[in-house]
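Q: Hey, I've just opened this one and I'm new to it. Can you walk me through the pockets and the helices?

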Amino acid sequence: MFSESRAVAALRFFLVALFGVLVFFETVSLPGQFAHMARESPDDAYLRWPATIVSIFWVVCVQVVIVATWKLLTRVKNDRIFSEESLVWVDAIVWAIASGWVVLAGVFLFVGINATDPGLPLLLFLALVGVAVIGLLMVVMRALLRRATTLRTDMEAVI
């Protein structure tokens with residue numbers, strides 16, 4: 001069976017790898033891709049900067065989730081997860097997901113209004129629903145953490 005410490009170590013490795021890839025995306029790949037798009041399709045060149053900004057914003061939202069997850073993993077490792085300070089990091093995750101979702105909803109509406117083919121709006125709708133599910137799941141997990149924190153505080157007061 002995979003022990004908790006091994007799982008935390010593996011998760012940290014993958015979080016660092018993901019963060020590194022996202023830094024590459026936000027600094028090199030995404031700006032380059034949208035610059036290339038503007039050169040290849042001059043009719044859509046006006047979308048270069050809005051698409052670059054929105055894409056980088058989404059990457060930053062994911063990076064916030066990664067940093068908050070790292071901090072929560074540290075709290076798990078130190079057996080301090082059931083505390084009010086942990087809720088701050090869960091709130092950061094919830095707000096990052098909510099912010100990304102709001103921008104995604106705006107992109108969905110823009111694309112849906114201007115689309116001639118239903119493929120991209122349907123794909124964006126799927127992403128919109130998926131991010132909403134993840135965000136709501138985090139709200140529920142936050143509520144569970146709050147209850148567990150309250151129970152632990154009450155138990156420590158009794159003991």
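Q: Which helices each supply at least two residues of the lining of the largest pocket?
A: α1 (4-40), α2 (48-77), α3 (84-114) and α4 (119-158) each do. Helices here are DSSP runs (H or I, at least four residues), numbered from the N terminus. Keep in mind that this is a predicted model, where local features need pLDDT of at least 70, side-chain atom pairs count only at pLDDT 80 or more, and totals for chains, interfaces and linings use all residues. Residues are numbered from 1 along each chain as its sequence is written, and side-chain values use heavy atoms, leaving out hydrogens and water.

Q: OK, and what counts as a pocket?
A: On a 1 Å grid over the protein atoms alone, a pocket is an open set of points where a 1.4 Å probe fits, with protein on both sides within 12 Å along at least five of seven lines; lining residues have an atom within 4 Å of a point.

Q: How much space lies in the largest pocket, and which residues lie nearest its centre?
A: About 650 Å³, with volume being the space filled by probe spheres set on the grid points. Its lining has 22 residues, and Leu 47, Val 107, Phe 110, Val 111 and Leu 120 lie nearest the centre. By class, the lining has 17 nonpolar, three polar and two charged residues. Ala, Val, Leu, Ile, Met, Phe, Trp, Tyr, Cys and Pro count as nonpolar, Asp, Glu, Lys and Arg as charged, and the others, Gly among them, as polar.

Q: What about the second largest pocket, how much space is there?
A: About 250 Å³. Its lining includes Trp 58, Val 62, Gly 100 and Trp 101. α2, α3 and α4 are the elements giving that lining two or more residues. Eleven of the lining residues are nonpolar, one is polar and none is charged.

Q: You mentioned Val 62. Where is it found?
A: Val 62 is in helix α2. Val 62 has 37% relative accessibility, so it counts as partly exposed (buried is under 20%, exposed over 50%, partly exposed in between, with a 1.4 Å probe and protein chains only).

Q: Switching topic: at what angle do α1 and α2 pack?
A: About 170 degrees, with the axes 10 Å apart. α1 and α2 are therefore roughly antiparallel (that takes an angle over 145 degrees). Axes are lines fitted to C-alpha atoms over the stretch in contact, and angles run from 0 to 180 degrees between N-to-C directions.

Q: Last one: is Thr 52 buried or exposed?
A: Thr 52, which is also found in α2, counts as buried at 4% relative accessibility.

Definitions and conventions:
Parallel < 35°, antiparallel > 145°, perpendicular 65-115°, else oblique.
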